[in-house]
Amino acid sequence: MAPIVLILVAFAAVLALGMVRAPLWGWAAAVGAWTLLATDGHIGLVSWIAWLPFVALAVLSIPAVRRSLIIAPVFAQIRKILPRVSDTEAQALEAGTVGFDAELFSGTPDWDKLKSVPPIELTPEERAFLDGPTEDLCRMIDDWQVRHTLHDVPDEIWDFVKRNGFLGMLISKEHGGLGFSAQAQSLILGKIASRSPDVVTIVMVPNSLGPGELIEKYGTDEQKHYYLPRLAKGEEVPCFSLTGPTSGSDAATMRDVGYVTRGTHKGQETLGIRLSWDKRYITLGPKATLVGLAFRLFDKDNLLGKGEDVGITLALIPADHPGINIGRRHLPSGAAFPNGPNWGNDVFIPMDWVIGGDKMAGNGWRMLMECLSAGRAISLPSSGTAGAKMMLRVTSAYARIRKQFGLPVSRMEGIEEALVRMIETAYVNEAGRAMTAAMVSRGEKPSVISAMMKYQTTEKLRRAVNDAMDIHGGRGICDGPANYLQSAYQMVPVGITVEGANILTRTLITFAQGALRSHPYLYKEVQAAQNPDKKRGLDDFENAFNNHIAFSLSNATGAFVHNVTGGAFVKAPDHALRMSDWYRQLGRASRSYAFVADLTVALLGGGLKIKQKITGRMADALSELYLLSATLKRYEDDGRPEGDELVVQLAAENALHRFQEAMSGVIDNFPVRWARPLMRAVVFPLGRRRKPASDTLGHRVARHALQPGEVRDRLTRDIYVSKDVNDPTGILEVTLEKVIAAEPIEKKLEKAIRDGVVRRYHGNDWFAEAVAKTVITETEAEQLREVERLVARVIAVDHFDPAEVKPNYVTLGHNVRGAESLAAE
C-alpha cells in the first residue's frame with residue numbers, strides 16, 4: 001500500500017479512536033492492523049521494530065501490568081508533589097454544586113440539560129408582589145433625596161420594606177417570611193435596582209449572605225423560632241461581619257478570634273466564647289440590630305470535643321450587647337446605603353449564640369461558601385442586569401430625542417456603536433441572570449457559575465454605564481434631581497469590589513476553582529491522591545486516571561476534527577431550528593476549551609495560582625461559552641420572537657470572537673513553550689477566522705431594537721418604567737412617544753427652515769410664522785410647541801445657588817477631628 005495512503009489511514013484511525021474514547025486494547029488492535037498493512041507480511045529487523053508499539057500497547061492493555069508500570073508510579077509521584085488542598089479551599093470546592101459549567105468543561109455539552117433548566121417562572125403571588133409592592137416601592141423612591149439631600153435611605157422607605165416583607169423574601173412561610181423563589185428574588189431586586197442602587201442594597205443584603213439564610217439552613221430550632229419571624233418582619237435589621245482589615249477573600253489570615261471558656265451571662269455561669277474582633281466594610285452595620293460575626297474559634301481545654309483549633313465559626317450577637325462597638329459610616333463611592341465598621345475586645349457570648357449551636361462550631365467557612373454560592377448568583381447579577389437594562393432604556397430614549405446637526409444622535413454611527421453594545425449587554429446579561437436564577441430556584445448552588453456571573457454582569461454594567469455617560473455628554477455629568485445616571489455611575493465600583501473583587505474572581509476563582517470543580521475527573525484524582533488510605537486512594541485514582549486519559553484524547557481529536565470541519569459534525573438540538581448553527585459553533589468551541597483547559601491543568605498544576613493572566617483568559621473564554629448558552633436558551637424560552645433573531649446573531653458572533661481572542665491569548669502566552677504549537681494545531685488548524693459582528697448587522701440591530709415596541713420592551717423587561725412627566729425617567733418615555741408622533745410635522749417645518757421660508761431664531765415665534773405661511777396648521781404648531789417644551793426639559797441640567805453647594809465647614813471640621821480622634825485611639 002502506498003505510504004501516503006497508510007499515513008492517511010493511520011491518521012484517520014487515530015482521530016476515530018480518540019473521538020470514541022476507545023479502550024487501550026482498541027488502540028492496540030488498530031496499531032496491529034496498521035503495522036500488518038505497513039510491513040506487508042515481511043519478516044525482518046525493520047518489521048520487528050515496527051511491531052514494538054503494538055506489543056507495548058497490548059501489554060499495557062492488561063490492567064495489572066498497566067497499574068504496576070504506569071498508574072502506581074504516577075500516583076506515588078502526585079502524592080509527593082501535589083500541594084495539599086487547604087481546609088478552606090476544600091470547603092469552598094465542595095460547598096457549591098456543578099451545573100452547566102461541567103457540560104462546557106466536558107467538551108460535549110448535553111443540550112437536553114440546557115433545555116431542562118426552567119424558563120422564567122413566577123407563582124401568581126410572586127408576580128403580584130413584583131407588580132404591586134415592588135412597583136409601589138420604586139414609585140416612592142426619590143433618588144436625589146436618598147443620595148444627596150439625606151445621604152441616607154429615609155425612614156418611610158425602611159418602614160415600607162419592613163411592613164411588606166421585603167427583608168424576608170428568602171425566609172420560608174413557615175417562619176413568617178415570603179418564601180419566594182430565587183427567580184422572584186432576582187427580579188424583585190432587579191426592579192428596585194433599576195430605580196435606586198442604595199435602596200436595593202438595604203433589601204439585597206438581608207436576602208443574600210446574611211443571618212436569615214444562615215439561620216434558616218443551619219440554625220437550631222430555638223434560633224429559627226425566635227429570629228426568623230423577627231427578621232422577616234424587619235423587627236431585626238441584620239448585618240454580617242466577615243471582612244476585616246487583614247482578611248478579605250483570604251479567610252486563612254482572619255485575626256478575629258474566640259476562645260471557648262466559661263463566663264457569666266444574665267447572672268448565670270455558662271459555657272461560652274470570649275471574642276475579640278475588628279471588622280470593616282459591613283453593609284447595614286450602622287443600622288443593624290443583629291450582628292452576624294465570623295471568627296476563628298480555639299478550645300485549648302477541648303470543652304467541645306473538637307480539638308484545640310475548632311475552625312471558623314459563626315455567631316449572632318445583638319448589636320446592643322455589652323462590648324460591641326458599632327462604628328461610624330464608611331462612604332463607599334459616596335453612596336448613601338449604610339456601611340461601616342464594628343469591633344469588640346474580650347466580649348463574652350453564650351455558646352447558644354453560635355449559629356447552629358456548638359455542633360456547628362468550626363463549620364463556618366463551609367456554611368458561608370454554601371450560602372455564597374447561591375447568594376452571589378442572585379444579588380449582584382440581578383442588579384448588574386437591571387442596571388444595564390435601565391442604561392439602555394434611558395439612553396436609547398435620550399439618543400432618539402436629542403438632536404445634533406438636524407438629526408437624532410442615535411442615527412450617528414459613533415453613537416450607534418455604543419448603543420449596539422448596550423443592546424447586546426442588556427440581552428445577554430438578562431439571559432445569564434434568568435438561567436442562573438432558575439438553577440438556584442431548583443436547588444442548585446452553582447459556585448463557579450455564580451462567581452462568573454457576578455464578574456461578568458458587573459463588568460458589562462461598567463461598560464454600559466460608561467457608554468450611557470458618553471452619549472448623554474454634559475447631561476450625564478451635571479448632577480442634580482434630574483440626573484438619572486449619577487447613582488449608577490457612583491455605585492458601579494461598589495459592585496465591582498464586593499462579594500469577591502472582580503480581579504480576584506476572574507483570575508483565581510472562575511477557572512482555578514472551576515477546573516477542579518467542573519472537570520469530570522481532575523478533582524477525583526486530587527481527592528484520591530490525598531486519601532490517607534493509600535490502597536483505596538490508588539483504586540480511586542486508577543479509575544479516574546484511565547477515564548481522564550480517554551477524555552483528553554477524545555477532546556484533542558474531537559477539537560481538531562470540529563475545527564477543521566467548521567463544526568459541521570457537532571450535534572445540534574432538534575428544537576434549535578434557525579439557531580442550529582450557533583449550537584454547533586458553541587459545541588465546537590466547547591471541545592476546544594476542554595482540550596486547552598485539560599492541558600493547562602496538566603502542565604501547570606499547582607502553578608495555576610500564580611499564572612493569573614492565563615487563568616483570567618480561561619475564565620473569559622468559559623464566560624463567553626456560558627453566556628452564549630444562556631443567550632440561545634433565552635431565545636427558545638421567549639418563544640423564538642422574530643424581532644430578537646438579529647440580536648442573538650450579533651451576540652453569538654461577538655461571543656465567539658471574544659472566545660477566540662481569549663484562547664489566542666492563552667496559547668500565545670502559554671508558559672510551556674512546546675505546548676503552544678500543539679494547541680494552535682488543534683484549536684486553530686485553519687487560523688483565527690472568527691470576526692466580530694459587522695457594522696451592517698449592528699446597524700440593523702440598532703434600527704430594529706431602538707424603536708418603541710415589543711423588541712425594546714423585551715430588552716428592558718422587568719425594570720421600573722415611569723410615565724410620569726415629573727419623574728426624571730418618566731419624562732423621557734412621554735417625550736419619546738411625542739417626538740416620534742410629531743416627526744412628519746417636524747419634517748415639513750425643517751424643510752421650510754432650510755428653504756428660508758421660516759426663520760428659527762431666538763426672539764422669533766417660528767411656529768407662528770410657519771402657520772402664517774401655511775407650512776403647518778395651528779394644531780400641528782401646538783403639537784410641536786409641546787414637543788419642544790418636553791425636549792427642553794429632557795436636555796436641561798440642574799443648577800444651584802452657590803450657597804446650596806458650599807460645604808458646611810463646621811460639620812466638615814467636626815468630622816475631620818472625629819476621624820483624627822478615632823485614628824489616635
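**A pocket and a buried loop residue**

The second largest pocket has 28 residues in its lining, and those nearest its centre are Arg421, Glu424, Arg463, Asn654 and Arg658. The volume of the second largest pocket is about 840 Å³. What classes of residue line the second largest pocket? The lining has 13 charged residues, eight nonpolar ones and seven polar ones.

Now step back to the whole chain. Keep in mind that this is a predicted model. The chain holds 37 helices and nine strands. It has 825 residues, and 55% of them count as buried. Its accessible surface is about 36100 Å², with 56% of that belonging to carbon and sulfur atoms. Next, look at contacts between residues at least 6 apart in sequence. Of these, 75% join residues at least 24 apart.

Where is the place of Val354? Find the loop between β7 (339–350) and α17 (364–401). Is Val354 buried or exposed? Val354 counts as buried because its relative accessible area is 0%, and buried means under 20%.

Which residues are in contact with Val354? Leave aside its neighbours within four places in sequence, and the partners are Gln223, Ile273, Thr313, Leu314, Ala315 and Ala361. Val354 and Gly292 are 62 residues apart in sequence. In space, their C-alpha atoms are 9.5 Å apart.

Methods
Residues numbered from 1 in each chain as written. Predicted model: local features only at pLDDT ≥ 70, side-chain atom pairs only at ≥ 80, totals over all residues. Heavy atoms only, no water. 1 Å grid on protein atoms, 1.4 Å probe; cavity = no way out; pocket = protein on both sides within 12 Å on 5 of 7 lines; lining within 4 Å. Points joined across faces, edges and corners; volume = space filled by probe spheres on them. Nonpolar A, V, L, I, M, F, W, Y, C, P; charged D, E, K, R; others polar. Helix = DSSP H or I, 4+ residues; strand = E, 2+ residues; numbered from the N terminus. Buried < 20%, exposed > 50% of the residue type's maximum accessible area, 1.4 Å probe, protein only. Contact = heavy atoms within 4.5 Å. Areas by Shrake-Rupley, 256 points an atom, 1.4 Å probe, with all protein chains shown as cover.
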